[in-house]
Amino acid sequence: MARTLPPVQAIRAEIDALFAEGRDLVEVIEDVARLGARLIIQTAVEAEVDAFLGRARYQRAAAADDGRQIVRPGHRNGHCPTTIKTTTGLVTIARPKLRGTTEKFASRLFGTGVTRTNALETLVIASFVRGLSVRDVEGALADALGPEAALSKSTVSAICQAIVTEYDAWCHRDLHGVELDYLSCDASHFKMHDGQRAEPILAAWGITTDGKPVFIGLAPAAAESTDAWHDFLTGLAARGLRPPLLVISDGAPGLITAAEQVFPASLRQRCVIHKCRNVLSKVSAGDQAEVKAAFWDIFDTSGLQQGDQEIEPGQDLVAWVQRRIDAFADTWGGSLPRGGQEPAGRPRLADDLSALPA
């Protein structure tokens, strides 16, 4: 029987799985933010239980009783789902159940009259943007929820410290055991402060040689420059990440240059999602659905056969896909004139089609 993951670890696994879905990075990061808020809520609840019992999960009462805090009798007895209303919609967390306690456990986080978790969403922002200041987090909670649901200083401190420790460990973890076939790199821009320009968050994720998705790195930067991407990728390599077979990126020149400098032996490919967007931007609205379907059919090689034999990965498959690319370009390459009707600086449709990756 498979062992059920503790709720906090289960949420982390959901976050990791997001990067295996092949979706746009902006959408993925938005979902990561929502799951991050849920992770904070779950961590807060678990910390409350730790504080109430006087010991951490799996820690025995005898080991925890050092005279510095109250150790209550009782133990955890699973979880039950609890739905909370937040500013971004309903969130379901796993609320811990206790058994054998001499007094009833009452969560101060979800106390009487608490109907929204604005403060917990603020907690996520305050924790990372303000440097995980306990005073800032306490202030955010008090402003949004009031005294009924105020967490104790010790609980807030425990939450913040757990996040700092975990994030630092993740950012400095050894990558020697990660062997990638594919490494994808991209950045999303977020406005961190009112009145300031949006700043990029650099991200790297990939597929291992075992076919498993893995989230490699995440870091803020002042700009998507060659220096910023070079520092980011060099940091991954310094922690043991070996050159992947293929680096996948958009057309950002700083990223392309940095990838070629840090991983010179790796092949590089333009992201087909970005390529599809470029193609569709040059096609009339009435043709976009047909062009999009035809574009993705190029790369659908499942069940592709030559005679009675399925075509295996290799040069024969590459040649087959290239013929599809040529046919696609012949059909749609003339949709726009070669003259000056394109927006300034934008490549012609035919140029995008000729550069499709096989």
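How much accessible surface does the protein have, and what share of that surface belongs to carbon and sulfur atoms? The accessible surface comes to about 19,900 Å², and 52% of it belongs to carbon and sulfur atoms. Please keep in mind as you read that this is a predicted model.

## The overall picture

Let's begin with the whole chain. The protein has 12 helices and 9 strands. Of its 358 residues, 39% count as buried.

Contacts tell us how the chain comes together. Among those between residues at least 6 apart in sequence, 55% join residues at least 24 apart.

Tyr-182, Leu-245 and Leu-267 make a nonpolar surface patch of about 300 Å².

One of these residues, Leu-245, sits in the loop between α7 (226–238) and β6 (246–249). Its relative accessibility is 48%, so Leu-245 counts as partly exposed; the exposed class begins over 50%.

## Aromatic rings inside

The protein has 6 aromatic pairs. One of them joins Phe-295 and Phe-328 in an edge-to-face arrangement, with 6.3 Å from centre to centre and 75° between the planes. This pair links distant parts of the chain: Phe-295 belongs to helix α10 (residues 288–298) and Phe-328 to helix α11 (residues 315–332), 33 residues apart.

Technical notes
Residues numbered from 1 in each chain as written. Predicted model: local features only at pLDDT ≥ 70, side-chain atom pairs only at ≥ 80, totals over all residues. Heavy atoms only, no water. Patch = residues over 30% accessible without salt bridge, like charges linked within 9 Å, V, L, I, M, F, W, Y side chains within 5 Å. Areas by Shrake-Rupley, 256 points an atom, 1.4 Å probe, with all protein chains shown as cover. Salt bridge = Lys/Arg side-chain N within 4 Å of Asp/Glu carboxyl O. Helix = DSSP H or I, 4+ residues; strand = E, 2+ residues; numbered from the N terminus. Buried < 20%, exposed > 50% of the residue type's maximum accessible area, 1.4 Å probe, protein only. Phe/Tyr/Trp six-rings, centres within 6.5 Å; stacked < 30°, edge-to-face > 60°. Contact = heavy atoms within 4.5 Å.
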